Amino acid sequence: MSSWVRSLIGGIAIIAVLYVISLMMSEAGLFGMGIDNYTARLFVFIAINVILATSLNLINGFTGQFSIGHAGFMAVGAYASAYFTVNYGEAIERAVSGSPGGAFSSALVLILAIIIGAIGASITGLIVGIPSLRLKGDYLAIVTLGFAEIIRIVILNIDAVGGATGYQVPGYADFLWIGFFAVITVVVVHNIVRSDMGRALISIREDELAAEAMGVNTTRYKVTSFVISSAFAGIAGVLFAHYNKFLSTNDFQFIKSFEVIIMIVIGGMGSMTGAIIGAVVVTLLPELLRRLPEIQVAGTTFNFADLRLVIFALILILTMIFRPQGLLGTKEFGLSWLKRPRVKPEGADSVGGTEGTPIAEDPEAKHLTSEGDD
Amino acid sequence: MDTFVQQLINGLTIGSIYALIALGYTMVYGILKLINFAHGDVYMVGAYAGFMISVYAFNSQPSIIAFLIVLFGSMLIAGSIGILIERLAYRPVRKFSRMTTLITAMGMSLFLEYLFTFVFTGIPKSFPLLIPNENYKIFGEVTINNSQILIFVVSVVLMIALQYIILYTKIGKAMRAVSFNLNSAKLMGINTDFVIAFTFGLGSALAAAAGVLVAQYQPKIFPLMGLMTGLKAFVAAVLGGIGNIPGAVLGGLLIGMAETFVVGYGQNVGIPSTYRDAVAFAILILVLLIRPAGLLGSNVQEKV
């Protein structure tokens, strides 16, 4: 089978699965099998978090530039698109199909909203990225955090989008759309990483100076990956806004950026499947911990469910101590091991036990486990 | 003129608090190259420790002795917690990359915030006033509060004490050596683990002092109080030149003043007072882009 046929079949299969799940979420259910609203909401948030984690992974995991301002770009996408749909959504729907609420016209509005959100977020990403990406490491981290907070405070002061009282948004996005864009994000980021550009990004992560010496235009690649990453964060914001139907700047505080960082760190920075697993774990874990019991100690009731965030933070610290490369490291989890027996490269055992892995895929590689004391 | 002096006094008050916290950031960064995100939360822990001591040991009765005991007690408690955090969370990851240690610090920050929210709930607690408030008129409409005077006096005393420790004691000399070059210091027979733990203890104690002083000035404490204050104090440390101790104090005072002036005069030039929190970050971004080494920091060329 040629590769595009395989991709086509894969694409159709994924859309079919998404469609079946979204049918199960509808009120009628599918052959009597339904998904309740709570679970449906979890599915949606997993999908949104997959978009956020995968896109942040492009800049943090593959390019090695530590950004903690993802929530800012998400906010730009959410608010820019919400302003569009609130003010023009209904008018466009009327112009297209006469009355609001049609399947085609609402899809059109959502797609326009996504385009606006993505463009808004990528322009912001460009403005933030060009000056910030001159900085490295901790400084870059703290500057992106600063920019994200400034974006949030500026939005908080714009009365046209509700300011401090919040912003009502029409609900155009459902699980089918959100899941679809999650898949698109994964495919696009995967293809970027596999392309020439991806190789360049990984070379920047491994050693920026060496990459530059080899002729990689490091500034251009860093800014490009930053802008792409921001655009997807914007799309996640658009989908969140039009699913949640309500926006408040509190949703985009830097704790949200931390959350996305935690996802890719738990999954393993620089692993596509790792980011997805991280998004699932970080969304589900606090919900599972909600079911912990209440106990009484010395007359006071301690609700262990309230401890869930404490346990969550503890898991993060313990992951860093015992598995700093995350669950998967830079490895990918997939079904390829089923297909063909793995043949070791000749002489692999004689080369210090690293089994001939390229440095980029070696979990023991320098950038993850050791650092020259400077 | 009166408003200007009044704003200046208020700015210096809040600036001294930022300076005290910034000292902890700058010392830890100087030695470990680690942004200790949990430092702002240690400031919160200090305020809560002071709250517990004043409620349970002094039954909230005001007296100057009570205040001093609360101040030193919370410094001691927060100092030990700082050492504990270093020992349990940061030391095991020290050998890994800077990214790993940074994320551990974020995790520690979340852990302290959520733990205190769980134990004390998110509802603000009112801190007992150990020294009753009195306002003094200086001239015209300018007034100064006795808790503001307290903040100035205590922070100046603590900063002089810190300067003495760093410049004239053996451990201070060791701290300077470790921050200059950790491996060489180790080769010279300095117990670097002890020096690092001591630095965390010292920084945390200063943050706790800031926590108790703030609680006397604005007597509301809550588990997330260290979040913004901590970030701004970090900005102050970067502004002054991270790793540089006089720089941290200067940066703290400048950030504090910038903030109060935005609140006081911002409306006149079209900046609403809600931008107060954005000012620190705007300053940070400008400093890093124009003079990344900070005001007093020296430019270090990166070796290849």
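## A lysine in a loop

A:Lys245 sits in the loop that links α9 (218-244) to β2 (246-247) of chain A; helices here are DSSP runs of H or I with at least four residues, strands are runs of E with at least two, and both are numbered from the N terminus. Its phi is positive, about 65 degrees, even though A:Lys245 is not a glycine. With 14 other C-beta atoms within 10 Å, A:Lys245 counts as partly exposed. That label covers what falls between buried (20 or more other C-beta atoms within 10 Å of a residue's own) and exposed (12 or fewer), with C-beta atoms placed from the backbone.

A word on the source: this is a predicted model, in which local features need pLDDT of at least 70 and side-chain atom pairs count only at pLDDT 80 or more, while totals for chains, interfaces and linings use all residues. Residues are numbered from 1 along each chain as its sequence is written, and chains are lettered from A and ligands numbered from 1 in the order in which they are written.

## Two loop residues in chain B

Chain B has its own non-glycine with a positive phi: B:Thr121, at about 60 degrees. B:Thr121 belongs to the loop between α4 (98-120) and β1 (125-126) of chain B, and it is exposed, with 12 other C-beta atoms within 10 Å.

B:Ser63 is found in the loop between α2 (39-56) and α3 (64-93) of chain B. This serine is exposed too, having 11 other C-beta atoms within 10 Å. From B:Ser63 to B:Ile149 is 86 residues along the chain, and their C-alpha atoms are 16 Å apart.

## Chain B as a whole

Chain B is built from 11 helices and 4 strands. Its radius of gyration is 19 Å, which agrees with the value near 19 Å for a compact globule of 304 residues; the radius is taken over C-alpha atoms, and the globule rule is 2.2 Å times the number of residues to the power 0.38. The C-alpha trace spans about 60 × 50 × 40 Å along its principal axes.

Of the 304 residues in chain B, 51% are buried. Among its contacts with a separation of 6 or more, 76% are between residues 24 or more positions apart; a contact here means C-beta atoms, placed from the backbone, within 7 Å.

Strands β2 (residues 135-139) and β3 (residues 142-145) of chain B run antiparallel and are joined by 4 bridges, where pairing takes at least two DSSP bridges. B:Tyr136 is opposite B:Ile144, and B:Phe139 is opposite B:Val142. The hairpin has 2 residues between the strands, and B:Gly140 has a positive phi near 50 degrees.

Helix α11 of chain B (residues 276-290) has 15 residues and reaches 22 Å, close to the 21 Å expected. B:Phe281, B:Ile283, B:Leu284 and B:Leu288 are among its buried residues. The cover includes α5 of chain A as well as α9 (225-240) and α10 (245-265) of chain B.

## Where the chains meet

In the interface, 37 residues of chain A are in contact with 36 residues of chain B. On the chain A side, the elements giving two or more residues are α5 (137-156), α10, α12 (308-322) and α14 (366-369). Helix α5(A) brings the largest share, 12 residues. By type, the chain A side has 26 nonpolar, 6 polar and 5 charged residues, with Ala, Val, Leu, Ile, Met, Phe, Trp, Tyr, Cys and Pro counted as nonpolar, Asp, Glu, Lys and Arg as charged, and the others, Gly among them, as polar.

## The nonpolar core

The largest nonpolar core has 201 residues, and those with the most contacts inside it are A:Ile178, A:Leu239, B:Ala209, B:Val235 and B:Leu284. Such a core is a set of buried Ala, Val, Leu, Ile, Met, Phe, Trp, Tyr and Cys residues joined through C-beta atoms within 7 Å. Helix α8 (residues 192-217) of chain B gives the largest share of this core, 15 residues.

Beyond its neighbours within four places in sequence, A:Ile178 touches A:Val44, A:Ala47, A:Ile48, A:Ala173, A:Leu239 and A:Tyr243.

Notes. Two residues are in contact if their C-beta atoms, placed from the backbone, lie within 7 Å. The expected span of a helix is 1.5 Å times one less than its number of residues.
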